[in-house]
Structures are given as C-alpha cells and as structure tokens.
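Here are some notes to read alongside the structure.

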Amino acid sequence: MTTSIMGRSAGFTTGDTQTTADRARRVWEYRRILRLIVGRDLKVRYAGSALGYLWTVLEPLAMSAVYWFVFTQILHRQIGFPPFILFLVSGQLPWFWMSGSITGALNALRGESQMVRSTSVPREIWVLRVIMSRGMEYIFSLPVLALIALYYLKPPTIGILYTPVAIAMSFLLLMGMGMIVAPAAVLLPDLRSIVKVAMRVLYFLSPILYSVTDVVQKRGGMVASISSWNPIAGIMVLFRVTFFPQEMAWTYVWHAAIEVVIIFFIGLFTFKRLEASMLKEI
Amino acid sequence: MSEPIISVRDLGIRFNRGRKRKRSARELITKGRTGTPVDQFWPFRHVNFDIHRGESIGVMGRNGAGKSTLLSLLAGTLIPDEGSVTVRAGVAPLIALTGGFEGQLTARDNIRLVAGLHGMTKDEIDDAFEEIVDFAEIRPFLDTPFKHFSSGMRVRLAFSVVVRLREPILLVDEVLAVGDRRFRRKCFQRIETLLGDGQTLFLVSHSEANLRRFCERGLYLAGGELRLDASIEDVIKQYEVDNGLDNTSGDDDVEAAHDDLGDADDSGDF
C-alpha cells in the first residue's frame, strides 16, 4: 500500500488475493468519504425545508397515534404496557430505522450506479451510508421519545444502559441484511416488491405493536419459542427496557445476539460473493 | 527500475451474453460455478503486463475487444474472474465522468461533493476550487443546479474536477471526444502537461492521432487476448494489418475528427 501525492492512502488489489481483512481496512480508509455522504444525506433531509425535522419523525409518530387510537379507543388494549403511546413510540422509532435501512439498501447500489461505476470507493460504503444515515435519524428522533416520557412523568430506568447495546445489535443486523439485499437488488430487479412485502409481514410478526411478554403469556409454547428466534424481538426488548423494565426477556436477547452476529457474517460472505456479478450488471 | 505502479497477472473477465435472470437467482443460493454455461464469453483472458510510473499507454482494439472493461478493471470498478490487478497509487478515472453529481445541487456544491467523493480533503478542495471553475469555464453558472447544465457543460465540469485530483494514474476513456473543439484542445494540453510532470496515463481511443500524440507504449486487445504489448507505432501498425486498414494516404487529424464522431457510441456513459 503506497500513498498518493496528496498523502492519502491509495491503491488496491482485486482478484484472488483479497481477504475480508483487506476489505475492512479499505472501508476504514474511506471513512472520511462515508462521513461526507452521510452528512450530505442529513443536510438534504433536515435543511431541505424548515419542517425537515418534523418530516423525519412524522411517520413513526403518525403511525403510533393511529395504533394508539385503534387499540385504546376502539378496541380494549390487551397488549403492551401503559402509557401505551410511549410503548408504541419506543418501538416505532427503532423499527423505522430498520425498515428504512432495508428498503433503502435495495437502492443503495442501484441508485448510485454512476458512482459505483466510476470510483473505486469500497462498495460496502454505499450500504453503510444508508444504515448510518437512517441510524442518525433514529438518534435525532430520540428527543421526541424523551418529551413523551416527560409528559407522562415516566423516568428512564437503569435499562437505558442497554440502548447502546440495542443500537450495536441493530447495526450488525442491518449491515448483514443490507449487504445481502443491496447487491441482490441489482441482480434481481423484482426483489424490491418481495422485500417490501416481507418487511410488512415482519413488522406484525415482531413485538413492536405488542410486547414479547404478550407472546409468552397469551400463546406460550411453540409460538413463543419460535418468536424468541426473531432477532428483531430481542433487539426491541433492549430498546424498550429503558421505560418498561418488565419487558426484559433474556432468552430473546441471547438469541438475538447470536443471530445478529451470524447474519452479519452471512452478509459479509454474500456481499463478497455477489460483488463481481453486481458490478457487471450495474 | 522501481516497483511497477500497476501489475496485471493472468487477468480475465467473463460476461453473460444473454439475459442473466435465471443465473443470478441461482447464484444467490448455490456457489454459482456450475460448469461453463454456453452463453458466457471472455473479452480477454490471461493478460499480463506491468506499468511503471510515468509511462503512457494507449489501448487499441475493435469494439467489444474489452478496452473499456480493461480500464474499469484498472479503476477497480470491475472485479476480475481470473487473475489479479494491483494498483499501487491513486487513480483519477475519467470514466462515467458525471457520476456522483447531484442534479438538484448547484455546481458549487457539486464540485465540493464530487471532489470529496474522489478523496480530496476540504483544504485541498478550497485550494483547487478556483482552478476547477476556471478550467471548466462555468463561473457564471456556479449557483445553477447541475440538472440545468447542458451535457457539454456537465462533462467539462466533471473533467475539470477529476483531472484536478492530481492522482499519479490517469485513466482516460475516449472522453477526449466530448466538449467543443476549444475545450478539447485545452484537455489535450492539460494531459500533456500532466504527462510532462511524470503522470502515468492509460488512454483508450480509436484516434490514432491521439494515441501517437500521448502514448509511447501500446496494448492491443484482440481475439480474446492481449495480442501485442509494444511501442505505440508497432501496435498501430499491427492493428492496421489485422483490420485491413491502409494509412498511407489521408490526414491524421481529419481521420481523428472522424473517429471521434464515428465512435461516440463506444465512448462510455456520459
């Protein structure tokens, strides 16, 4: 590895000699470019209009309001914990990070085909960019959650310490899935519609509207043990223990922890396998 | 001599001739390499060469011989199916030039964005900004959204940014054929200056005049292999012999101008 005139590291090897460690090192070398594009994404999102910030939190809040109305005003709420709106928002915000990242990953490479074809920026950067932009939006939406908690005078518990763990696990999960979905979307143009349906199904199969304890208490048995292997369930538990300590379910958390690591490595492997064909098709 | 700046070993790449849908769907699940399906072809295989710092190389070959593919492999935007490419310095790719430019953003913002994407730091961009604007001759349109630029202006701006990257290796894919004549002459002069400063140039062109002007060494791709790696004169001669061309009459410049027009379809994606 030599440096260019400007003192940046430059140069690369493609072909039979590239290892996963090489790839990770190249991504690290391009972190400044990653910062640049994530920064631009956020600028476009927030500075585009005076209401920029509102737009990013509008959808999860609107959905929470609708579910709150249906489940407390029309039906008798038998799921989740009160205050139900806090329960809903604390699940909706991370879910919007997840679903936004996965659907965004469909376009991560396709939408940047010109860039992908003209620069040797490591292709993982384009996936990382989507997940980090959406992740920053999630972080920026947290004050809304704090405001709702303040309204209900519900102080955070010590469980707030699990939030960084939940963020790290989400990141691994989303990177793993993104590295599968992004190159696959280039090779299979019809993947988009499949993924969109899958995300909707996953939404209702995951404890976002309801709690993991609902699954255990109302169904138990087979259903509960299958649902405990949904990595999103374990991650949601960790996001929610900040305000709902009764939500803690260690089985879910351990299962999720194992799975996100496995999914991440499957993602790395898949990306490496599909990259060459993806570049020919893009 | 020192370590080569580019090393290519046993390089080969394979494309699918037909539509690929079925294959890639299977590829998601299996390891993909199940025999050699008939609808695949190799533009070239078993290509070997070394390039040293300061060399200027012209690539010749008929349409579809893999010239642009070779350039993309050197730019790192394609990955070989066989062999390896090692590039030991930064690359300024004049390929798919307008990549990274955002239609909604102004020229000013776009210069910063694209220069950044190609690896320039903020300070470097500040230093280079005026020079890029002057070279592209777009000062009156600095605050115009990029989408309102004419295609010629777009390419001029993109060329100006990439050529200002000051990377040791310059990859040029027929972009010399774009822009008006005056700007083209400016590009030629800029490339000559860069060559004088010891830059390494890789030029894909059908224009023999341009190849003679800029290149010392030639690579000739034909028949699925690197047919000849020799001086540019020998490569041009071989190319003419192979293709039944006779270059004893006629003016090079006229022919070059004709080539530039005639091969516009082969010139890439801008």
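Which residues have the most contacts inside the largest nonpolar core? The points below start there. The model is predicted.

1. The core. The largest nonpolar core holds 142 residues. Those with the most contacts inside it are A:V127 and A:V181 in chain A, together with B:L74, B:L171 and B:F202 in chain B. Helix α7(A) gives the largest share of this core, 15 residues.

2. B:L171 can be followed through its contacts, once neighbours within four places in sequence are left aside. Its partners are then B:L71, B:L74, B:A75, B:V91, B:P93, B:L94, B:I95 and B:F202.

3. Chain A as a whole. Its secondary structure comes to 12 helices and three strands. The radius of gyration is 20 Å, close to the 19 Å that the globule rule gives for 282 residues, so chain A is as compact as a globular protein of that length. Along the principal axes, its C-alpha trace spans about 65 × 45 × 35 Å.

4. Burial and contacts in chain A. Of the 282 residues, 43% are buried. If we take the contacts between residues at least 6 apart in sequence, 77% of them join residues at least 24 apart.

5. A covered helix. How many residues of helix α11 (residues 231-240) of chain A are buried? The count is 10 of 10. The list runs from A:P231 to A:R240 and includes A:G234, A:M236 and A:F239. These buried residues pack against α4 (84-106), α7 (163-187), α8 (191-205), α9 (212-218), α10 (221-227) and α12 (250-281) of chain A.

6. Where the chains meet. The contact takes 33 residues from chain A and 38 residues from chain B. On the side of chain B, the elements that give two or more residues are α1 (21-27), β4 (82-87), β5 (91-94) and α3 (107-117). Strand β4(B) has the largest share, five residues. By type, the residues on this side of chain B divide into 17 nonpolar, 13 polar and eight charged.

7. In which sense do β3 (residues 12-15) of chain A and β4(B) pair, parallel or antiparallel? They pair in the antiparallel sense, over four bridges. One place to look is A:T13, whose bridge partner in β4(B) is B:T86.

Note on methods. Residues are numbered from 1 along each chain as its sequence is written. Chains are lettered from A and ligands numbered from 1 in the order in which they are written. This is a predicted model: local features need pLDDT of at least 70, side-chain atom pairs count only at pLDDT 80 or more; totals for chains, interfaces and linings use all residues. The radius of gyration is taken over C-alpha atoms; the globule rule is 2.2 Å times the number of residues to the power 0.38. A residue is buried if 20 or more other C-beta atoms lie within 10 Å of its own, exposed if 12 or fewer, and partly exposed in between; C-beta atoms are placed from the backbone. Two residues are in contact if their C-beta atoms, placed from the backbone, lie within 7 Å. Ala, Val, Leu, Ile, Met, Phe, Trp, Tyr, Cys and Pro count as nonpolar, Asp, Glu, Lys and Arg as charged, and the others, Gly among them, as polar. Two strands pair if DSSP finds at least two bridges between them. A nonpolar core is a set of buried Ala, Val, Leu, Ile, Met, Phe, Trp, Tyr and Cys residues joined through C-beta atoms within 7 Å.
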